[in-house]
Amino acid sequence: MYTLVFLTKITQLQNQIKEDNKKIVKNQQLVTMLAQIKPHFMYNTLSSINNLIEANPKAAQELLCYFSKYMRSNIDNLTNEELIPFEKELDHILTYINITSICYEKEILLELELDETNFSIPPLTLQPIVENAIIHGNLINIPKSKIIIRSQRNSDETIIQIENNGESLSPIAKVENKKSVGLTNVEFRLKTLSHGRLEIRDNSQGTIVTIYIPTSVKIANSKN
């Protein structure tokens, strides 16, 4: 009798923990949404479109298409609690880089060294890291700016690396013991949605952000 009551209480407690976790995810989604709505980025992009309309209508049209695609993808992903295919996130990164390149008239080289692509990640995982590299890593003002994305898989984890040749992303984390809002959100989503983790380290020519996702994580449908 006491065993049955105990097991019932345990089950109720587990269910309550699941509900609490759902509420935490919802609250974090709101934080992520607010973090992703960047007035300066939107203003700069719209201003660039306006300036290009007369000077270069073709470039203005191209930028408008990229911006529309970027915003639509952001809105879709911010309300998505499911994992998405890695290649879908890569496409979002390419869109963001294209926008930045046109707005700042600065070519940013993106190199892909992908040994593994058939896996899933939380939405808006890589794009904020790339954005941090471009803005906070000051890639806009560095000659021959470059971002390298690598992926590989071992028996336990899928490993994604985002390397850049800009300024360090991690001094704030080291000095003030905190990460930017964008990286904090990425870390939370990785842990909550895929049991993943994130590491940041400097190398001799920039910063490397490494993401680890267990291979046991279910692969998302490519139509998601």
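Tutor: A crossing of helices is left-handed if the near helix is turned anticlockwise from the far one by less than a right angle, and right-handed if clockwise. Helices here are DSSP runs of H or I with at least four residues, strands are runs of E with at least two, and both are numbered from the N terminus. This is a predicted model: local features need pLDDT of at least 70, side-chain atom pairs count only at pLDDT 80 or more, and totals for chains, interfaces and linings use all residues. Residues are numbered from 1 along each chain as its sequence is written, and side-chain values use heavy atoms, without hydrogens and water.

Student: Is the crossing of helix 2 and helix 4 left-handed or right-handed?

Tutor: Left-handed. The axes of helix 2 (residues 39-55) and helix 4 come within 10 Å and cross at roughly 60°. Axes are lines fitted to C-alpha atoms, for helices over the stretch in contact, and angles run from 0 to 180 degrees between N-to-C directions. Helix 2 and helix 4 are therefore oblique to each other (under 35 degrees is roughly parallel, over 145 roughly antiparallel, 65 to 115 roughly perpendicular, the rest oblique).

Student: Which residues in helix 2 and helix 4 meet?

Tutor: Contact means heavy atoms within 4.5 Å. From helix 2 come Phe41, Asn44, Thr45, Ser48 and Leu52; they meet Tyr96, Ile99, Ile102, Cys103 and Tyr104 of helix 4. Helix 4 (residues 86-104) also lies across strand 2, strand 4 and strand 5, running at about 170° to strand 2.

Student: In what order do the strands form the open sheet?

Tutor: Strands of a sheet pair through backbone hydrogen bonds, either parallel or antiparallel. Two strands count as paired if DSSP finds at least two bridges between them. Here 5 strands take the order 2-4-5-7-6, with mixed pairing. Strand 2 (109-114) and strand 6 (197-203) are at the edges with a single partner strand each, so one side of each has no neighbour in the sheet. From one strand to the next, the twist averages 15°.

Student: How many bridges join strand 4 to strand 5?

Tutor: There are 7, and the two strands run antiparallel. A hairpin of 3 residues links strand 4 to strand 5. Arg153 stands opposite Thr158, and Arg150 opposite Gln161. Strand 5 also pairs with strand 7 (residues 206-214), antiparallel over 8 bridges. There, Thr210 is the bridge partner of Gln161.

Student: Which way do the residues of strand 5 point?

Tutor: In a regular strand the side chains alternate between the two faces of the sheet. Glu157, Ile159, Gln161 and Glu163 point one way; Thr158, Ile160, Ile162 and Asn164 point the other. All are buried (under 20% relative accessible area; exposed is over 50%, partly exposed in between; 1.4 Å probe, protein chains only).
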